[in-house]
Amino acid sequence: QVQLVESGGGLVQAGGSLRLSCTASGRTFSYYMGWFRQAPGKERDFVAAINWNGGRTYYADSVKGRFTISRDNAKSTVYLQMNSLKPEDTAVYYCAANSRSLYPFTGDYWGQGTQVTVSS
């Protein structure tokens with residue numbers, strides 16, 4: 001069984017940065033990992049995903065050039081570095097994992113979510 005726990009959310013001003021972390025329990029070494037986000041009243045949207053060794057990544061167009069996904073398998077942790085944050089990045093961010101594919105990335109396992117709020 002895979003369990004995912006996110007941390008690192010918070011309140012930040014527009015233009016600022018945050019780094020989210022997602023720590024996994026269970027055998028996730030070879031899993032594809034990623035992030036989604038859900039703003040109030042909207043659907044959950046894909047943000048970024050990474051393969052098992054970090055050699056392949058892909059991003060939603062809305063975050064390209066501002067967000068970076070990475071992972072440290074020794075710590076069973078995936079990160080989302082978010083720079084140049086905008087108010088429209090405000091959402092609950094969810095970590096997800098699957099053992100099947102990077103693209104398209106979907107979640108078989110989910111974390112509980114962490115709130116990111118960007119003030120203007």
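1. Strands are DSSP runs of E with at least two residues, numbered from the N terminus, and two strands pair if DSSP finds at least two bridges between them. With these terms, leucine 18 stands opposite methionine 82 in strand 8. Strand 3 and strand 8 run antiparallel and are joined by 6 bridges.

2. The model is predicted: local features need pLDDT of at least 70, side-chain atom pairs count only at pLDDT 80 or more, and totals for chains, interfaces and linings use all residues. Residues are numbered from 1 along each chain as its sequence is written, and side-chain values use heavy atoms, with hydrogens and water left out.

3. An open sheet of 4 strands, paired antiparallel, has the order 1-3-8-7. Strand 1 (3–7) and strand 7 are at the edges with a single partner strand each, so one side of each has no neighbour in the sheet.

4. Serine 21 belongs to strand 3. Serine 21 is buried, at a relative accessible area of 14% (buried means under 20%, with a 1.4 Å probe and protein chains only). Beyond its neighbours within four places in sequence, serine 21 has contacts (heavy atoms within 4.5 Å) with residues including Val5, Trp35 and Val78.

Conventions: Buried means under 20% relative accessible area, exposed over 50%, partly exposed in between (1.4 Å probe, protein chains only).
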